[in-house]
Structure formats: structure tokens, C-alpha cells
Amino acid sequence: MKKLEKLDAQKTTELITQILKEESKGYLMSSCITEKPRAVSHPMVSDFNDYVKDNLNIKDTIHLKFQSRLYKNFKITADLVPNKNILTQKQFEEFEQKSENGGFRFWDWLDTNCDNGYCSISKPIFNETFDLAYVQIGTVCGGLCGGGEERIYELVNGKWIEKESLGSWVS
């Protein structure tokens with residue numbers, strides 16, 4: 001299992017690093033990124049695991065459970081995104097609490113502290129051979145401003161290629 005976790009971590013870093021570069025003027029252009037995905041829209045499906053399994057052609061249910069666990073527990077770290085400010089779950093909880101108590105305006109704080117709102121990227125979910133991956137990316141630039149996509153990437157000749165956009169959202 002440790003060998004598989006190491007391979008997963010390597011492929012996750014590879015793909016996220018590549019997507020961050022490719023999206024530096026797109027969905028991920030903000031100077032701030034969330035520790036856990038927030039600017040993503042989950043597909044309107046009855047079973048997310050079945051949805052991912054079908055889109056990545058995963059046959060091994062143990063592998064799917066392993067990927068699902070890693071996906072749920074994943075957090076963005078500074079070594080993964082050295083040029084971005086990470087907004088933590090704790091900060092969002094504090095923002096919500098301050099807002100409820102009155103006087104705190106999140107969008108004003110965001111404008112002051114983050115260029116172009118904030119962005120999010122999910123941990124990739126990989127198939128058994130680690131050559132197909134499902135990823136969600138998105139950005140929030142204001143109360144009614146944002147967008148995102150869910151994508152399938154394929155590893156071709158050592159480079160991740162966007163194979164398909166499964167869906168997108170805009171606000």
C-alpha cells in the first residue's frame with residue numbers, strides 16, 4: 001500500500017503542477033487557493049463513485065475505495081502551490097462566524113487579500129494504471145462571479161492531456 005500511496009502522491013503532484021501552469025491565466029489565476037476544494041461543483045449524479053468509476057473505466061473496487069479516501073482527505077499544501085496563499089478550512093469557518101456576528105464582509109476581505117478571488121483544485125482520482133485522472137477546478141471571484149470544470153486527463157508520452165470536459169459551471 002505504501003508503494004501505491006507514493007505513486008499516487010507523485011502522479012498527483014505531477015498533474016496538479018501541470019494544471020496550475022496551464023490554467024495560470026484561466027480558472028486558477030487567483031493568488032489564493034483553498035486548502036480543500038470549494039470553488040468546484042459536484043456533478044448532479046446519484047452516486048459519485050459510480051460516476052468516477054465509469055468515466056475512468058475503473059474495475060477494481062478496492063482501488064476505487066483507496067482513491068476515494070485519498071480524494072476526501074486531500075489538502076493543498078505550500079510545497080504543491082508555492083506561489084499561492086492557501087485559504088484554510090479554519091479561515092473559512094472564522095469568516096462565517098465573523099459574518100454571522102456582523103460587520104465582517106468576506107468579499108471586501110477577499111478583494112484586499114487575494115488577486116482575482118480564490119481558486120480550487122481537487123485531488124485527482126486515478127484509474128488503476130495511473131494514466132487516466134478525474135479532476136475538478138474552479139474559481140470564485142465574487143458573490144455572483146465564478147466558474148469551473150470537471151475534467152478527464154490522460155497521460156500520453158509522459159504529459160497529461162485534457163481528454164474531456166465532463167461539465168462546467170458559471171456564475
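I take helices and strands as DSSP runs, a helix having at least four residues and a strand at least two. The model I looked at is predicted.

**Entry: elements.** I counted the secondary structure of the protein and got five helices and seven strands. I then read the order from the N terminus, which is α-β-α-α-β-α-α-β-β-β-β-β. I looked up the radius of gyration next: the protein has 17 Å, close to the 16 Å from the globule rule for 171 residues, so the protein is as compact as a globular protein of that length.

**Entry: extent and packing.** I noted that the C-alpha trace spans about 50 × 30 × 30 Å along its principal axes. I found 44% of the 171 residues counted as buried. Among contacts with a separation of 6 or more, I found that 66% come from residues 24 or more positions apart.

Entry: For the charges, I compared the mean position of the 22 positive ones with that of the 25 negative ones and found them 5 Å apart.

**Entry: K53.** Is K53 buried, exposed or partly exposed? I read a relative accessibility of 26%, so K53 counts as partly exposed, since buried means under 20% and exposed over 50%. Leaving out residues up to four places away in sequence, I found that K53 touches I58 and L64. I also checked K53 against F126, 73 residues apart along the chain: their C-alpha atoms are separated by 9.5 Å.

Notes
Residues numbered from 1 in each chain as written. Predicted model: local features only at pLDDT ≥ 70, side-chain atom pairs only at ≥ 80, totals over all residues. Heavy atoms only, no water. Rg over C-alpha atoms; globule rule 2.2 N^0.38 Å. Buried < 20%, exposed > 50% of the residue type's maximum accessible area, 1.4 Å probe, protein only. Contact = heavy atoms within 4.5 Å. Lys, Arg positive; Asp, Glu negative; His and termini not counted. Charge placed at Lys NZ, Arg CZ, Asp CG, Glu CD.
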